[in-house]
Amino acid sequence: MENLVNNMKMEVHDNLYLKEPFSSELGSSIVQKGAVLIQDLGMENFTFKKLAVHIGVTEAAVYRYFENKHMLLLYLTAWYWAWMEVNYVYSTANLESSKARLSIAMRLIVNGPVFTKNVHINPADLRSIVVNESLKGYLTKTVDVEHESGIFAQVYSFGERISELIFEINPSYPYPKTLAYTVMESSLLHAFNARHLPGMTEQSLDSENRLVFFEDLIVKAISNE
């Protein structure tokens, strides 16, 4: 099964790109090398000109695949959430217990994917980009138009699975969707803070203790007691 997952190409909304990147060697290189450069430089210093030089093509060639670097960031973010959903589906396929599935979902959300290899994009690079850069893709003046175009479908799809799981555990809990997305977003923000703004968290909150914290948060919120 792991070999099957490792070779999967995630399907993301086609409004994210001008030409399907993995339809060609150049497009694949743009995504793969772009992910590495964004991780190394940050979005502020990353440009298509630098990417073009890095892979030995013209800047115009890069623009044939993506409208701008903002759309490349959203593409990578969408790929990550699609990858997370695949991880969740395969990791919980044989589990009937909703609480056991929630435990796996929380580990994925807080610590990242369990399948750490993919022939198309390095999941570790994606995780780093989502933690450090993804909010820059959402907090923009164009977000409403982008939302209407459907390009956030992958994060919605994964979030819906988690909110449905919360509802399954406690149908009387009134805010399953809000809780699901709050945990998804805040876990990423906390991972960022732990590394870059350590004064905003306890020093003892390593990855395992972060998992304990968020599991405690969500379990208590949906408890019937």
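Reader: Which helix holds His-190?

Author: His-190 is found in helix α10. Keep in mind that this is a predicted model.

Reader: Is His-190 buried or exposed?

Author: Check the relative accessible area against the cut-off: buried means under 20%. His-190 has 12%, so it is buried.

Reader: What does His-190 touch, not counting residues up to four places away in sequence?

Author: Thr-201, Leu-205, Arg-210 and Phe-214.

Reader: Now Glu-85. Where does it lie?

Author: In helix α5. Apply the cut-off again: Glu-85 has a relative accessible area of 15%, so it counts as buried. Leave aside its neighbours within four places in sequence, and Glu-85 is in contact with Ser-157, Phe-158 and Arg-161.

Reader: Next, the core. What is the general idea?

Author: In soluble globular proteins, nonpolar side chains tend to be buried together. Here the largest nonpolar core has 66 residues. Leu-16, Phe-66, Tyr-75, Leu-76, Trp-79 and Trp-81 touch the most other members.

Reader: Which elements give two or more residues to this core?

Author: They are α2, α3 (48–55), α5 (69–91), α6 (98–111), α7, α9 (153–169), α10 (176–196) and α11 (207–221). The largest share comes from α5, with 15 residues.

Reader: Take Tyr-75. What is it in contact with, leaving aside its neighbours within four places in sequence?

Author: Tyr-75 is in contact with Val-12, Leu-16, Tyr-17, Glu-20, Pro-21, Phe-22, Val-31 and Phe-66. Of these, Leu-16 and Phe-66 are also among the core members that touch the most others.

Reader: On to helix pairs. How do the axes of α2 and α7 cross?

Author: Read the distance, then the angle. The axes of α2 (residues 25–41) and α7 (residues 123–138) come within 9 Å and cross at roughly 45°. That makes α2 oblique to α7. The crossing is left-handed.

Reader: Which residues meet there?

Author: From α2, Ala-35, Val-36, Ile-38 and Gln-39; from α7, Asp-125, Ser-128, Ile-129 and Glu-133. By class, the contact of α2 with α7 has four nonpolar, two polar and two charged residues.

Reader: And α6 with α10: what are the distance and angle of the axes?

Author: The axes come within 8 Å and cross at roughly 35°. Met-106, Ile-109 and Val-110 of α6 make the contact with Val-183, Met-184 and Ser-187 of α10.

Reader: How do the residues of the contact of α6 with α10 divide?

Author: Five are nonpolar, one is polar and no residue is charged.

Definitions and conventions: Residues are numbered from 1 along each chain as its sequence is written. This is a predicted model: local features need pLDDT of at least 70, side-chain atom pairs count only at pLDDT 80 or more; totals for chains, interfaces and linings use all residues. Side-chain values use heavy atoms; hydrogens and water are left out. Axes are lines fitted to C-alpha atoms, for helices over the stretch in contact, and angles run from 0 to 180 degrees between N-to-C directions. Helices (H or I, at least four residues) and strands (E, at least two) are DSSP runs, numbered from the N terminus. Angles under 35 degrees count as roughly parallel, over 145 as roughly antiparallel, 65 to 115 as roughly perpendicular and the rest as oblique. A crossing is left-handed if the near helix is turned anticlockwise from the far one by less than a right angle, and right-handed if clockwise. Contact means heavy atoms within 4.5 Å. Ala, Val, Leu, Ile, Met, Phe, Trp, Tyr, Cys and Pro count as nonpolar, Asp, Glu, Lys and Arg as charged, and the others, Gly among them, as polar. A nonpolar core is a set of buried Ala, Val, Leu, Ile, Met, Phe, Trp, Tyr and Cys residues joined through side-chain atoms within 4.5 Å. Buried means under 20% relative accessible area, exposed over 50%, partly exposed in between (1.4 Å probe, protein chains only).
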